[in-house]
Amino acid sequence: MITNERPHSNVPASPARRAALYGVLAALALVAGYLEVLVPLPVTITGVKLGLGNAIVLFALERMGAKPAFILMLIKVACSTMLFANPQMLAFSIAGGVLSWAIMAAAHKSGLFSTISVSVLGGIAHNAGQLIMVALVLSPTVALVNAPVLAVAGIICGLAIGILVQAVLSAIPQEATRV
C-alpha cells in the first residue's frame, strides 16, 4: 500500500516542502500587511498598526522555531517596505522587527510565556524598536512623546494578534508545518 504519510515523524521535510512553506507564509505576511494598508486603525498616531504580518512571524516562531521566524520577519520587512512604504521606513521597520523577534524568541525559548504573552511582548518590543530608531534618526522628543501611546497600542495589538495566532495554532495540525 502506498501512502503520502511519512513512516516516521522524525524524518525531516524535503527542501521543496520547506521552500513551499516559507513561500506560503511569506505571501500570507505580505497579504496581511496589505490589508493593514487598506484598512488602517482609527488612530492619529503614526506607526500604530495591528500587526497582522507579525502574526505570521509569531506562528512561525511557535511552530518552526526562531531561525525560520527570523527569516520570515526579514522577508516580510523587506518586501513590505518595497511594496507598501518608502525606503526611509525600512530603518523603522527593521528596528521594530528585529527587536520584536529577539524578545519573542527569548520569551518563547524560556518556556515561561504563553503564545498570547509572547505576542504582547513582541508588540511592545516592536514599537520600542521603532521608537529607538525615531530617537536616533529624527528626534528623541518625538520618540518620548509617542512612547506612552505606542506602549499601550503594543499591548492591545499584541493581545489581539496573540489570540488570533493561538486560535490558528489550535486549528492547524502540527504536522502541516513541520520543516
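Biologist: In this predicted model, how close do the axes of α4 and helix α5 come, and at what angle do they cross?

Modeller: The axes come within 7 Å. They cross at roughly 145°. Helix α5 covers residues 115-137.

Biologist: What is the hand of that crossing?

Modeller: α4 passes α5 in a right-handed crossing.

Biologist: How do you know that α4 and α5 are in contact, and which residues meet?

Modeller: Contact needs heavy atoms within 4.5 Å. Residues of α4 that meet α5 include Ala-91, Gly-96, Gly-97, Ser-100 and Met-104. On the α5 side, Leu-121, Gly-122, Ala-125 and Gly-129 are among them. By class, this contact has 14 nonpolar, nine polar and no charged residues. Gly counts as polar here.

Biologist: What makes up the contact of α1 with α3?

Modeller: From α1 come Tyr-22, Leu-25, Ala-29 and Tyr-34, among others. They face a set in α3 including Pro-68, Ile-71, Lys-76 and Phe-84. The contact residues divide into 14 nonpolar, two polar and one charged. Lys counts as charged, and Lys-76 is one of the α3 residues in the contact.

Biologist: Which residues line the largest cavity?

Modeller: Asn-54, Val-57, Met-73, Gly-97, Ser-100, Trp-101 and Met-104 line it. Two elements give two or more residues each: α2 (52-64) and α4 (88-110). α4 gives the most, with four. The lining has four nonpolar, three polar and no charged residues.

Biologist: What is the volume of the second largest pocket, and what lines it?

Modeller: Its volume is about 310 Å³. The lining has 15 residues, and Leu-28, Ala-55, Ile-56, Phe-59 and Val-168 lie nearest the centre. α1, α2 and α6 (140-171) each supply at least two residues. The largest share, six residues, comes from α1.

Biologist: How does that lining divide by class?

Modeller: It has 14 nonpolar, one polar and no charged residues.

How values were computed:
Residues numbered from 1 in each chain as written. Predicted model: local features only at pLDDT ≥ 70, side-chain atom pairs only at ≥ 80, totals over all residues. Heavy atoms only, no water. 1 Å grid on protein atoms, 1.4 Å probe; cavity = no way out; pocket = protein on both sides within 12 Å on 5 of 7 lines; lining within 4 Å. Axes fitted to C-alpha atoms, helices over the stretch in contact; angles between N-to-C directions. Left-handed = near helix turned anticlockwise from the far one by under 90°. Points joined across faces, edges and corners; volume = space filled by probe spheres on them.
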